[in-house]
Structure formats: C-alpha cells, structure tokens
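I opened a new model today and kept notes as I went.

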Amino acid sequence: MFGRTWQVVAQADAPFRELADHLPIGVFVVELGRGVVYLNRHLLDLTGIDLSADAARPGHSAVHPDDRERVGSVARRVVARGQARMVDCRITVVDGAVRTVRCRLAPLPDEQGAIVGLVGTVADHTDVERQLEHRATHDALTELPNRALLAAHLDAALARAAAEATSVAVLFVGLLRVPVVTHALGHAAGD
C-alpha cells in the first residue's frame, strides 16, 4: 500500500476497504485540496455524513465547533512535519449527541513521498469516560455510591441550602456484625 495514492487504494483494494468498513473504530481519509474522500462504515453510521449526497456538510463539520480550530491546527502540523499526532475532541453524532473521541492523524504520502493528505482513526471515548467516572464515584463491589460521590452531593446540597437559607440533614446508618453474616451465610450474603 505504501507508495500509492489513496485514490488507487480506494479503487483497487477492495479487501482494504472491506477491512476498514468492519473495524470498530472510525477511519477517514482527507486529500489536500479535496477534503474528506473516505469515511468507513463505522464513521458514516456514527456521524450520518453522506459524502456522495451531502457536499454541503463536509466531514470536518462533525467536529464540535469549539474544537475545530484545534483539530485543524493539529492536522496542519501533521502535514507540515510529516509525523502522526493524536488529538482529543468532541464530535456531533447522528442523533445530535456530542461524543468525546480520540483522533490519530497520520500523513498520507504519494509515490514520491510528498504529503497529499491525511489518514486518520477515530476512537469513541465517551463510554470509557462514563465508566471511569462511575468507578471513581461508586463502590466496586456493591455499585453503591462511595464517599467521593457523597461529598460531591453534600457540597451541592450545602450550597443550595446556603443560597435558599434552608437546612441540610445527613443520616448515618452503621451495620453491625456484618462479619458474622458473612461467616454464617457466605460472602454473597454479606455483600
């Protein structure tokens, strides 16, 4: 594949396109002067962009407006330096939701080695961030809220109470003899 332009690859390498269309991450190709020329099936489904019918909505329009300049700056550096780079950004998906993604942008050379575009991948990190946030605020064993979440909710409740000139109450419940239950009935019952 090295040494051939993307047009040749896109027209001749059906196995490559078939592979790219079945990846669980987005794959795209941008040609300098032409814009986005390829989106794999995952990225098409995620963004709803139709390159053949929707010329008014180029591929970069899926990038959140607040992140476009930063992503463009990274893309220009990749082209200028010929080195791949990562950039985290947000994209707007088909249902209008905003998702956090990590893009890897790599230079796309022609047969002479001149950079003629970019090839990139898009990995959705929205679910990973939610899982990490959940792990940080919930007990791993019981899935119940932990002290960090209690502290956050208590801070918010105290701020509301101060703003509204009301009070806040906290109820503490201590469980006795949990080891006795665990010993008699097993860890599942104790948990």
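Which strands does helix α5 lie across, and at what angle does it run to β4? I looked: α5, residues 126-137, lies across β4 and β5. Its direction is at about 135° to β4. I note that this is a predicted model.

Next I traced the sheet. I found five strands in an open sheet, ordered β2-β1-β5-β4-β3, with antiparallel pairing. β2 (35-39) and β3 stand at the edges with a single partner strand each, so one side of each has no neighbour in the sheet. I read an average twist of 30° from one strand to the next.

I then checked one pair. β4 and β5 are joined in the antiparallel sense over nine bridges. Pro107 stands opposite Leu118 in β5. I also looked at α4, which packs on the sheet and touches β3, β4 and β5. The direction of α4 makes about 150° with that of β3.

Then the core. Which members of the largest nonpolar core touch the most other members? I got Phe28 and Leu105, out of 21 residues. Elements giving two or more residues to this core are β1 (26-31), α3 (41-47), α4 (68-81), β3 (85-92), β4 (98-109) and β5 (115-124). α4 supplies the largest share, four residues. Apart from this core I found another, of five residues, including Val27, Val29, Tyr38 and Leu108.

Last, I listed the partners of Phe28, leaving aside neighbours within four places in sequence. Phe28 is in contact with Tyr38, Leu39, Leu43, Leu105, Leu118, Val119, Gly120, Thr121 and Val122.

Notes:
Residues are numbered from 1 along each chain as its sequence is written. This is a predicted model: local features need pLDDT of at least 70, side-chain atom pairs count only at pLDDT 80 or more; totals for chains, interfaces and linings use all residues. Side-chain values use heavy atoms; hydrogens and water are left out. A nonpolar core is a set of buried Ala, Val, Leu, Ile, Met, Phe, Trp, Tyr and Cys residues joined through side-chain atoms within 4.5 Å. Buried means under 20% relative accessible area, exposed over 50%, partly exposed in between (1.4 Å probe, protein chains only). Contact means heavy atoms within 4.5 Å. Two strands pair if DSSP finds at least two bridges between them. Axes are lines fitted to C-alpha atoms, for helices over the stretch in contact, and angles run from 0 to 180 degrees between N-to-C directions.
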